[in-house]
Number of protein chains: 2
Amino acid sequence: MSEQTEERSYDEYRVIEDLGGWKRTHNCNEVTAKNLGEEVLLMGWVQFRRDHGGLIFIDLRDREGLTQVVFSPEHNTDVHERAHAIRSEYVVAIKGNVRLRPDGMVNKNLTTGEVEIIVDEWKLLNTSETPPFAIEDRTDAAEQLRLKYRFLDLRRPILAKNFILRNKAAQSVRRYLDGLGFLEVETPVLTKSTPEGARDFLVPSRMNNGEFYALPQSPQLFKQMLMVSGLDRYFQIVKCFRDEDLRADRQPEFTQIDIEMSFTDEETIMNMAENMIRTVFSETIAKELPAAFPRMTFAEAIRDYGVDKPDVRFDLKLQEATEIFKGSDFKVFSKSELVKVLRVPGGAELSRKEIDEYTKFVEIYGSKGLAWIKIKEDGEWQSPIVKFFSEDEIAKLKELTGVQPGDILFFQAGSADIANTALGSLRLKLGERFGLIDESAFAPLWVTDFPLLEYNPEEKRYVARHHPFTSPQVGQMDTITENPDAALARAYDIVINGYEIGGGSIRIHTPEMQQKMFSALGIGEEEARSKFGFLMDALKFGAPPHGGIAFGLDRLIMILCGAKSIRDVIAFPKTQKATCLMTEAPSAVASTQLRELGIRLREKKEA
Amino acid sequence: MSEQTEERSYDEYRVIEDLGGWKRTHNCNEVTAKNLGEEVLLMGWVQFRRDHGGLIFIDLRDREGLTQVVFSPEHNTDVHERAHAIRSEYVVAIKGNVRLRPDGMVNKNLTTGEVEIIVDEWKLLNTSETPPFAIEDRTDAAEQLRLKYRFLDLRRPILAKNFILRNKAAQSVRRYLDGLGFLEVETPVLTKSTPEGARDFLVPSRMNNGEFYALPQSPQLFKQMLMVSGLDRYFQIVKCFRDEDLRADRQPEFTQIDIEMSFTDEETIMNMAENMIRTVFSETIAKELPAAFPRMTFAEAIRDYGVDKPDVRFDLKLQEATEIFKGSDFKVFSKSELVKVLRVPGGAELSRKEIDEYTKFVEIYGSKGLAWIKIKEDGEWQSPIVKFFSEDEIAKLKELTGVQPGDILFFQAGSADIANTALGSLRLKLGERFGLIDESAFAPLWVTDFPLLEYNPEEKRYVARHHPFTSPQVGQMDTITENPDAALARAYDIVINGYEIGGGSIRIHTPEMQQKMFSALGIGEEEARSKFGFLMDALKFGAPPHGGIAFGLDRLIMILCGAKSIRDVIAFPKTQKATCLMTEAPSAVASTQLRELGIRLREKKEA
C-alpha cells in the first residue's frame, strides 16, 4: 500500500450507483472450479478487504456464503483505483471472470475456496458506516447492543443460518401435513378473553368502547370449532400470545404448529406427529430419528426422572427410598412423604465446593437441603448423615442402589413434588458435569397417561392439567368427580432432550362430559355459559370425536439449530422486559388515540 | 314407515359410542364402482335420512362429499332397527359393503352416485339437536344467524370448499416462493405504533405501564430490515391489522402475502409476482392466465377507465371532452376542470328509472348530477342538455365518441377526481347491466408509474401515495421537492377484474433519499427519528437496493372462489361493527386486568 493510498479518503469514488439492469448470476457460495473462465456477476457485502502485492482483495458475502474477489491494476486500472474506496460492509456488485487462486491461497473450508473473481467492472451499491460490532460469528458484543442493531446482528452467518433452517423446517411441516389432507386454516388474532390459563394481552375496541379483544393464547377453541364444522383435518403455523413474566427462554409472542383432526384416537395422532417430527429432522438436518419413539407414562417419568419431560440421552435414574427409612431415626427422612435417591457412578470425585453449589441449586426448587453419601475407594461411607442410619437401612440402600466404591448418592426428601423436581433437576446438572450427555444425540419420547386434574391449593379447587377440554380416559366419566386425583387424561406430550416440544389430547366432544368437566373444575353453569357458550352450543350439534396436538415451533427450531437461546431463532425477539430494543416498542401513544379507544392511563398513585 | 316407527322416540338407541379403534377407509367422495364388493368404513354427518320400501337410507357427508348408505332389515335386523334413531346431523361411523344402486337410483351429479353402502355394523358417534338452519348450499338464513353458528355455517359444502381452496392457494404460493429461495420469516405482531397510515390497534403493556404495542398494519419496515440484514429474499403469509371503519369487504384483521427481495428492480419483481399468480390460478382452479400480463400506466388507467384498478374484462372506455366544451354556453361543462364522456352502445334502451338510479349512484362519489344523451334509432338526440350545445360541439362530440343510433352518452363534469371516479364507477354498473362482463374470465393487468406523492388538503401537506419508503423513479431525486406533483414512484399494482390484489415498490435504500422524502412529507428530523429511527440507522450500514410487493390474500381467494363476500373466505370473520358473533368478542374484562395494564375506562361523559 503506497503512502498516497493511506492519505486519500477516496470520497470522490463513493458515489452510489443504480443497479442499471445488472442481474446476479450466482450467489456467493456457488462459484467453484467448474465455473473457471466464466463471467459471473455477484452482489453482496464486503466482509473484509485487504491490499496485498499491489492488488486489492475483498471477501464478498451474501446470505449463502463468501467469494474472494480481486481488483488488479494490470487487469483494469480504473476498476482497481476506484476499489480503494471500498470499506467493510459496503454493498457492491462485481462482474468478472472466475480463475483459480494461486497455490497456497486455497481455502479448503469454503465451497468457493479454490477460486477467485478477477473484476472487470463493478458498481458501488451502497456505503456503510463502521458497524458498532464486527459482523462475525464469534462476537463479544453485548446482547443489548446486538438487539438494538438486530439488522446487523442478523448478518452474522451463524444467526442467518438459523432462519434458513427455520424456513426449511416450516415448509417441511407444511408439506407433510398438506400431504395428509390437513388444511391450513387461519383463526382470529382479535378474539375473546377467556381467563382460564395464562394472562391475556388485551386490545381495546374503538368501535365498542369499554370492550376488549384478547390475543389468543392458542387457537384451541377455534380448532375445535373447525372440527365441529366438519373440516376434518386442520393445521396452522400460528402466533400465540401470553402476557407472563418472561423466563430466559420465553417470549410474549411465540409460534405454534397447531394440529387437530376428527374421527381419531391417541394412536393415530401420535403416529402422525412422530412421523412429522421425523420428517422435519430428516429434511432439515439429515438426522434420522428412531422409527418408533419410546413411550413412558407420566408416573414412570416422575418415578425414574423426577420430571415429566425427562432427558433420556443419559441413564442415571432416580430411585425411591421412602420405605427403607419408614421407621428411621433420621427424622428428616422418616417423616417425609417421599425420599428419593440418585446414585452417580464415579461421583465421589465431587468436591465439597461442588456439592455446596448443588445444594444451592436444589433450593431453587424448594429443597431444604441436599443429603449425600460418598463411597470412598476403600468402601468407607463418608457423609454427614450416615451416622443416623441403622445397619439394616444401609444394607437396604446398598441393595436398592447397587452403589460401588467411587460413587456418590444424593438424596431429596420432602413433599413428593419438591423431592422429585429438585432431584430430577440435579440429575441434569450431574449429567453435564460427568459428560454423560451426547450433545449430538436426539432422544425423543412420548409421555402419556397424565393426570387429568391437579389440585390448586391457592384457588382451593381442581384445575385442568392440560386444559378443560381434554377428555378423561375411556370409562372415567365418573372418576373425575368421584376420585379426581385418580382421573387420567387422554393426553400426550412429546419430549426431546428434556424439552417438551409438543403436547396434545383427545378432546371432550359431548355436552354432558364437558358440563361434568366444568363442574369438576368449579366452573358454574353461568360462568361456563359466558366464557364458553359457543363451545357448549357447538357440542350439541353433532361434534365428531376429535383431538390434536400443538408444537412449540421456536423450541423445536432451537433444538434443530443447536441454538442456546430462543432469541437466536426469532428474527426480532423481545427482551425479558418484553421490549423490542430495535423499534423501541412498546412506546407512549398520543392521547387522542386513547380517547378514541375509550380508555385513559391510570395515574401513578392509583396504580 | 309403520305407525309404530313414528310413535317411538328410539331414545334407547341414542347411546354415544367410542370409536373403539375403528378407522376410516375412505372419504365420502371416494367410493365408486371400482370398489364394488369391498368392505369400507366411513364416518361423517347425516345429511338426510329417508325411509323407503322398508329400508332406511342416509346420505352420509364429510368434507369431501356424500355417499348413500342403506340399512336393511333383511341384511341385519338389529343394525336396521337401531338406525331408526338417526336424525339429520347425527355423527355416525358405518361399516359395510359397496354395491351398485338399483337402476333409476343412480345420481350422475355425485362421484359416488352409482353406488351405495349396505351396512353391516355402525356406531353412533354423536347426536345433534335440530340445527337453526339447514346445512345446505342454498340457504335463506340471515347472515347474523349463520355467523353466530359459524361452526354449522362452515358445514355447508359451498363454504367448506372455499377453505379447501384457500389452503391449496396458500401452499401453492409457499411452494413457488420457497422454490425461488425466498425465506418465510416471521415478524412481530406486538410492535410499535407508527401513525403514518391507517389507525393502529393498540395493546397496553403490563410490564411497561403507560406504553403500548401496536398490531402491524403491514410488516413493511421489518421486511426492509431483513433486506438490510442480508436475508436477500423474504416472504410471509401474515396477518395485518387496521382499525378502520369497515366497509362491506373489509375486515379489521386481514392476511397478506408479503414479499421482499434485494438486488432487484421492478421488472424482476413484476415477473416473479405475475408468475406466482399464474401458478396459483393454474394449481387451484386450473385456469391458465396470459403469459405476460398487460401493463398500463396510472395516467392511462385514469384516462380510459377513471380508476386506478380498471376491470378490463370489457372495453367501454371513458373519453375526455373538456376541450370540446371549453367555450360552451353550457356552463356546467365549460367551467369544469374535467369533462368525461362514456358512450354505451345500445344504451338508448335504458329507462328513465334506470337513469335516475344511476344518477343517485354517482352521487356516492361526489357527483352533482349525471348528464346524458340518448341517440334514438331515427338519429334524434334526446337529452335535457343537448339544447345548450352548439352545432360545432355536437359535431365534435360525434367525432370523438363515434356515437351511433341506439347508443347513450353519459357525462361527468367537475373536479378531475370526482368526474373520473364517478364515471369510472358507473362504467362498472353499465358493464353489468349490458352483460358485457364475462363472469368466467380473469383479466389481470399491471398498473405502473404511479404518482409518488399526493396533496392532502386537510393536512395541508403532501403524503406518500404508496408509503414513505417508496423510491422515486431514477433521476427524480430532486423532483420530489421541486415539483412534487410530477414525481413518479417506482411502484406497481396488480389488478384482476377490477380488484387491486397486490401492490409494491422499489424502496428507498440510502439515508439521504429517505431524509429527502421525509422532508417532502413535512416530517421533521425529530419526528423521523422518533418514529423511524431504526430505519434511518439501518440505511446507514449498507442497505442493499431492494423492493417488494404484497398481496391481499383474502381478496385473491375471493376471486379464485368466485365468492361474493370476503367473509366467505375467512373462517371466523367479524361483522361491520368489528364483532365476532360466535365468541362474542370483544367483551368486557375484569377490572383487575385493566389495573395490571395501568389503564382504566374513560367514563361516558369524558368520552
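Me: What counts as a salt bridge, and how many lie between chain B and chain A?
Reply: A salt bridge is a side-chain nitrogen of Lys or Arg within 4 Å of a carboxyl oxygen of Asp or Glu. Between chain B and chain A the count is 14. One of them joins A:Arg206 to B:Asp245, at 3.1 Å from N to O.

Me: What should I know about the model and its numbering?
Reply: The model is predicted: local features need pLDDT of at least 70, side-chain atom pairs need 80 or more, and totals for chains, interfaces and linings use all residues. Residues are numbered from 1 along each chain as its sequence is written, chains are lettered from A, and side-chain values use heavy atoms, without hydrogens and water.

Me: How many residues does each chain bring to the contact?
Reply: Contact means heavy atoms within 4.5 Å. Chain A gives 127 residues and chain B gives 127 residues.

Me: How much area do chain B and chain A bury between them?
Reply: Buried area is the accessible area (1.4 Å probe) that two parts lose on being put together, summed over both. Here it is about 11500 Å², with 58% on carbon and sulfur atoms.

Me: Which strands join chain A to chain B?
Reply: Strands are DSSP runs (E, at least two residues), numbered from the N terminus. Two strands pair if DSSP finds at least two bridges between them. Strand E23 (residues 599–601) of chain A runs antiparallel to strand E23 (residues 599–601) of chain B, with 3 bridges. A:Arg600 has B:Arg600 as its bridge partner.

How values were computed: Helix = DSSP H or I, 4+ residues; strand = E, 2+ residues; numbered from the N terminus.
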